[in-house]
Amino acid sequence: MKKTFLLISVLLFAAQCATTPTASTNPARRIARMWRGEVPVARANEYEQYLKAEGISKLRAIPGNLGVDTFRRTVGEREEFLVISYWPSEEHIRAYAGEDVTKTRLMPRDLEYLIEPEYRVRHYNIVP
């Protein structure tokens, strides 16, 4: 329940603060793919650089990707990262993610950084 409330809060914040156009101003954005992970605070800056270089830049280059927003916040001794990517359809996601579209695509060094890695992403239909 607590994680659900946290996720809803983050989603509402993301909707208000997204740096890319909202669904209502960009009708091509139909699906939001959400991943989150936590790292020790002491390694957060290092992980952010790694995430940008090895994850976000490559994600933005995937055909069909319509944008990516990245969020970060401190929760006690952990730093939480939330990545939301935008797609026109599940077929576009499947083209890069494979048949199991909700399986997390971990980067090579993620297990070195992440505390309790999540192995499933969430997809949400964007409501105009």
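Helices (H or I, at least four residues) and strands (E, at least two) are DSSP runs, numbered from the N terminus. On that basis the protein has four helices and four strands, in the order α-β-α-β-β-α-α-β from the N terminus on. This is a predicted model, in which local features need pLDDT of at least 70 and side-chain atom pairs count only at pLDDT 80 or more, while totals for chains, interfaces and linings use all residues. Residues are numbered from 1 along each chain as its sequence is written, and side-chain values use heavy atoms, with hydrogens and water left out.

**Overall figures**

- Of the 128 residues of the protein, 38% are buried, where buried means under 20% relative accessible area, exposed over 50%, and partly exposed in between (1.4 Å probe, protein chains only).
- The accessible surface amounts to about 7600 Å², and carbon and sulfur atoms account for 59% of it; the areas come from the Shrake-Rupley method with a 1.4 Å probe, and for residues only the protein chains shown count as cover.
- Among contacts (heavy atoms within 4.5 Å) between residues at least 6 apart in sequence, 67% join residues at least 24 apart.

**Helix H2**

- Helix H2 spans residues 44-60 and bends by about 40° at Lys52; the bend at a residue is the angle between axes fitted to the seven residues ending there and the seven starting there.
- The buried residues in H2 are Ala44, Tyr47, Tyr50, Leu51, Gly55, Ile56 and Leu59.
- The cover over these buried residues includes strands S1 (31-40), S2 (67-75) and S3 (78-87), together with helices H3 (90-97) and H4 (110-113).

**Aromatic side chains**

- The structure holds five aromatic pairs; rings of Phe, Tyr and Trp (its six-membered ring) pair if their centres lie within 6.5 Å, and planes under 30 degrees apart count as stacked, over 60 as edge-to-face and the rest as tilted.
- Tyr47 and Tyr50 form a tilted pair, because their ring centres are 6.1 Å apart and their planes stand at 55°.
- These two tyrosines are three residues apart in helix H2, so about one helical turn separates Tyr47 from Tyr50.
- An α-helix has 3.6 residues a turn, so residues three or four places apart point the same way.
- Tyr47 is buried at 0% relative accessibility, and Tyr50 is also buried, at 9%.
- Trp87 and Tyr96 make a stacked pair, with 5.2 Å from centre to centre and 20° between the planes.
- Within that pair, Trp87 is buried at 0% relative accessible area, whereas Tyr96 is partly exposed at 27%.
- Tyr47, Tyr50, Phe81 and Tyr113 are linked by ring pairs into a cluster.
- The charged end of Arg109 sits over the ring of Tyr50, 5.3 Å from its centre; this requires NZ of Lys or CZ of Arg within 6 Å of the ring centre and within 35 degrees of the ring normal.

**Strands S2 and S3**

- S2 and S3 run antiparallel and are joined by nine bridges; two strands pair if DSSP finds at least two bridges between them.
- Asp69 has Ile84 in S3 as its bridge partner.
- The S2 and S3 hairpin has two residues between the strands, and Gly76 takes a positive phi near 65° there.

**Arg78**

- Arg78 lies in strand S3 and is partly exposed, with a relative accessible area of 27%.
- Not counting residues up to four places away in sequence, Arg78 touches Glu38, Val39, Val41, Arg73, Ile115 and Glu116.
- The C-alpha atoms of Arg78 and Ala44 are separated by 8.2 Å, although the two residues are 34 residues apart along the chain.
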